[in-house]
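Subject: Structure handover and notes

Dear colleague,

I am passing on the structure below, together with notes on what turned up in it. Please read the notes alongside the coordinates.

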Amino acid sequence: MPQHLFIVEDDPDLRGMLEDYFTLAGYSVSTTGLAAGCSALLERQDVDLILLDLNLPDGDGLKLLRELRVWSSIPVLVITGRRDQQSHLTALELEADDVITKPFVLRELELRVRNCLTRYHRVPEEQYWPLHPWHFYPRQQCLRLPNSTTDDVPEPVLLTAAESVCLRALIRAEGRLVPSKRLIADMESSLGQVEAESVPVIISRLRQKLRVTIAAPDANPIENVPRQGYRLKLALWGSCAK
């Protein structure tokens with residue numbers, strides 16, 4: 001099956017050109033010029049990568065990216081005419097996989113799309129960290145259930161960059177409390193500026209992904225200590241690697 005690209009671009013001429021180019025390149029392509037069209041399509045279809053413009057007539061692309069990252073790690077390549085550094089940094093902080101500024105060379109955009117898809121779908125081969133019942137592959141930013149034979153569990157469960165950083169910190173703490181400020185510092189060292197308000201959202205997404213298991217679908221693997229921080233429940237999830 002061809003990989004499915006979702007182009008969110010308000011300029012009809014550019015949108016049509018991108019659709020034609022990537023269709024000829026062998027991709028399956030869906031398009032919309034509105035933010036409102038995104039959620040509806042993503043609910044109906046599987047998408048491998050989103051090409052997202054930031055200036056949409058019915059909403060801001062950064063707001064759309066923020067909402068998307070609450071529940072999805074689908075690769076997002078931001079296409080924007082904005083040249084201010086802050087917009088680019090904000091897009092990356094919200095875990096866009098790449099940013100390209102208009103005007104651009106189509107071949108360069110195609111290579112960036114290919115690279116994003118390669119990183120996203122690469123099978124992890126490096127060492128994993130045991131996190132019962134999961135294997136956490138930090139370099140590839142994903143979770144796998146070893147010897148899984150059920151179709152109910154996605155293979156692999158992909159993590160965003162921020163989720164992966166937080167999970168590393170929680171694992172290394174081996175069940176001890178990790179202050180929220182520590183999580184923010186770890187994320188900022190890798191990803192740039194992070195708002196304190198984003199930490200509960202990231203932890204909530206991580207909980208949901210860790211729950212995707214037959215053994216304990218309703219478990220709470222990450223305990224929230226109000227106004228202090230978070231810890232892994234090792235009694236439930238087993239011992240972890242340093």
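The notes below cover the conventions, a cavity, a strand and some aromatic pairs.

This is a predicted model, in which local features need pLDDT of at least 70 and side-chain atom pairs count only at pLDDT 80 or more, while totals for chains, interfaces and linings use all residues. Residues are numbered from 1 along each chain as its sequence is written, and side-chain values use heavy atoms, with hydrogens and water left out.

Cavity

The structure holds 1 cavity of 30 Å³ or more, a cavity being a set of points on a 1 Å grid over the protein atoms alone where a 1.4 Å probe fits but cannot get out, with lining residues having an atom within 4 Å of a point. The space in the largest cavity comes to about 60 Å³, where volume is the space filled by probe spheres set on the points, and points are joined across faces, edges and corners. Its lining consists of Phe6, Val8, Cys38, Leu42, Ile50, Leu52, Leu64, Leu65 and Leu68; by class these are 9 nonpolar residues, with no polar and no charged ones (Ala, Val, Leu, Ile, Met, Phe, Trp, Tyr, Cys and Pro count as nonpolar, Asp, Glu, Lys and Arg as charged, and the others, Gly among them, as polar). Strand S1 (4-8), helix H2 (36-44), strand S3 (49-53) and helix H3 (61-69) each supply at least two lining residues, and H3 gives the most, with 3 residues; helices (H or I, at least four residues) and strands (E, at least two) are DSSP runs, numbered from the N terminus.

Strand S1

In S1, 5 of the 5 residues are buried, so the strand is largely enclosed by the rest of the structure (buried means under 20% relative accessible area, exposed over 50%, partly exposed in between, with a 1.4 Å probe and protein chains only). His4, Phe6 and Val8 point one way from S1, and Leu5 and Ile7 the other way. S1 pairs in the parallel sense with strand S2 (residues 28-32) over 5 bridges and with S3 over 4 bridges, pairing requiring at least two DSSP bridges between two strands. Valine 8 stands opposite threonine 32 in S2, whereas the bridge partner of isoleucine 7 in S3 is leucine 51.

Aromatic pairs

A search of the whole structure finds 3 aromatic pairs (ring centres of Phe, Tyr and Trp, the last by its six-membered ring, within 6.5 Å; planes under 30 degrees apart count as stacked, over 60 as edge-to-face and the rest as tilted). The rings of tyrosine 21 and phenylalanine 22 have centres 5.5 Å apart and planes at 85°, so this pair is edge-to-face.

Best regards

How values were computed
1 Å grid on protein atoms, 1.4 Å probe; cavity = no way out; pocket = protein on both sides within 12 Å on 5 of 7 lines; lining within 4 Å.
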